[in-house]
Structure formats: C-alpha cells, structure tokens
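Colleague: I am new to this structure and would enjoy a close look at a single part. Could you walk me through the open sheet and what lies around it?

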Amino acid sequence: MPELPEITAIADYVGAKAVGTQVRRVDVAALSVLKTYSPGPHDLVGATVTGTRRIGKYFVLDCEKPDGERLSLVVHLSRAGWLRWSDKLSPTPLKPGGKSPIALRVHVGPEGEGFDLTEAGTQKRLAVWIAADPQEIEMVATLGLDALAVSRDEFGAILAGSRAQLKTLLRDQRTIAGIGNAYSDEILHAAKLSPFAAAKSLDVEQADALYAAMRSELDDAVARSVGQHVATLKAEKRSGMQVHARTGSPCPVCGDTVREVSFADRSFQYCPTCQTGGKILADRRMSKLLK
C-alpha cells in the first residue's frame, strides 16, 4: 500500500508535469472507483491544474475552471492501487468493464501525457472523489494529525490517551494520518518497541524514541522517494526496509531472524532481539508473548 512517502513523491512528480496545464479528458473504465458523481469527471475537463498535494495517504489534484470554480480530484490508492504516468497515452477511450487494471485515465499535462489509476487483484478498493473541497469527504475530514506535522506534545497526549497496541495506533488514520503497515513495522523496529506494547504503557524515554523514529523513518523515506519517477517508487520503498516483508532474513541491526505475525488479511514483521527482549510473538489473531 502506498503510504506517506510514496504519496508525497507522487504528488511532487505529477505536480511538476501537470501544474499550469489543463485537464483535456477523463476516461472512466471502472465505475466502482467513483465515490462521487456530482461533480463528476466531466466537470474537470478544461480546468487548469493549480497544484498537487498529499493529505494523509490521499493524493489530491487541485484544479480551477475558467469560471473560477475550484475542484479537486482526490485519490486513495488503497492496498493494490497505483498511479502510472505516461508521456504518450493512447487516444482511444477506455472501455468500461474490461479486464484491464486501469480504472481511470486523466489526460493532463502536455499533449499526449497524463496518468492512469490502476488496481491489481480482485479486491477493488481504489477510490476517487471529485469535490470542491477535500474536507467535504468524510474519510478525509476525519483524518487524525499528520504523522509529519504532529508535535511531540501532541504525540505524547495521543499515546497517554490510548489503550491500543502500538502497531494498531500507528496504522489508525483517524489517530495519526499517513502511516500504513510497512512504515509502522520500520518505525517500531527503529524505536526498539514491541508491536503489541500498549500505547499508554510507554514511559517518557520510550515515547521519545517512538516519536523520533517516526519522524526519522518517514523523513528519510520521503528524501529517498521525492524526485524519482513514479515507476521506481515501489522498488525504492522495498530497498529501504529493515524488517518489513523480510521474514526469515537476518536483522541488519543485530543479526537475529526477522519474524512474522500473520492475520487473515495482512501480516507484519519484527525482530525479537531488537523489539521484544528475544521473545517470539505468537502467530495468531489474539497474539500474546509466548511464555
């Protein structure tokens, strides 16, 4: 799933290509991707792109129509979605209901250029909204503080007021926006904290370590990602991971074997030596430390 660093880089890349140009056409191949219908995709045609940005894990393309009306295309790529930029899009309109992974195509930028929103797999969760203001969208309006904007004091208050496990808290977009499964693994590893530790149980030193790890891991990932072509972002994300998706590999910090806890629809990775005092977490939904 694209997270804060990748969405930041996508916004930067598309902005460099599209800001100041007009939306020439929008093709919809999967009607299910649209979560709003008025305004609709046709309302973006002829509008000038005024900016691109990230809100949490949402990509936003801001536009202004000739009459001054402002509209934003808001995209949540979810688990299997992606944005693919092309310098030479096919002029042939997409066929709705086909087998192509392309859900929506936006012709924007210099003539012939634009981007596709694609989604692999059978679980169709890619979502697109068109709104006068992204804050009109409930899922955007209810986001928590941004992971790169939350202060240390605000972060401390969040921890002190939550009974959630750290892994759950970091992934909860209504609490802290921008972090998903991968970077939460990396943050907890860098902070040397168990994924199952209760947020409110942390002492000041541990809270400091978690906050510092969150900022440093995300800042470093943004620095690596911004400026790259969107086609290389997935590989860059994988290359920077210490424990996430590295089950069975040696921890680059201590050499212990990276372990995994699997659930019905996801899994996470951690290092026992670095994070749980050498104890192995039980690999079941109601996981507790093995005794």
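Predicted model: local features only at pLDDT ≥ 70, side-chain atom pairs only at ≥ 80, totals over all residues.

Modeller: The open sheet is built from four strands, placed in the order S2-S3-S4-S8, and their pairing is antiparallel. Strand S2 (48–55) and strand S8 (127–131) each have a single partner strand, so they stand at the edges and one side of each is left without a neighbour in the sheet. From one strand to the next, the twist averages 20°.

S2 runs antiparallel to strand S3 (residues 58–64), and seven bridges join the two. Within this pair, Ile 55 stands opposite Tyr 58 in S3. Across S2 and S3 lies helix H1 (residues 4–18), which runs at about 170° to S2.

The largest pocket holds about 890 Å³ of space. It is lined by 33 residues, and Met 1, Pro 2, Glu 3, Ser 78 and Arg 79 are the closest to its centre. Strand S5 (81–86), helix H5 (181–191) and helix H7 (233–239) are the elements that give two or more residues to this lining, and H7 gives the most, with four. By class, the lining of the largest pocket has 13 charged, 11 nonpolar and nine polar residues.

The second largest pocket has about 250 Å³ of space. Among its 17 lining residues, Ala 30, Ser 100, Pro 101, Ile 102 and Ala 103 are the closest to the centre. Its lining divides into eight nonpolar, five charged and four polar residues.

How values were computed:
Residues numbered from 1 in each chain as written. Heavy atoms only, no water. Pairing = 2+ DSSP bridges. Axes fitted to C-alpha atoms, helices over the stretch in contact; angles between N-to-C directions. Contact = heavy atoms within 4.5 Å. 1 Å grid on protein atoms, 1.4 Å probe; cavity = no way out; pocket = protein on both sides within 12 Å on 5 of 7 lines; lining within 4 Å. Points joined across faces, edges and corners; volume = space filled by probe spheres on them. Nonpolar A, V, L, I, M, F, W, Y, C, P; charged D, E, K, R; others polar.
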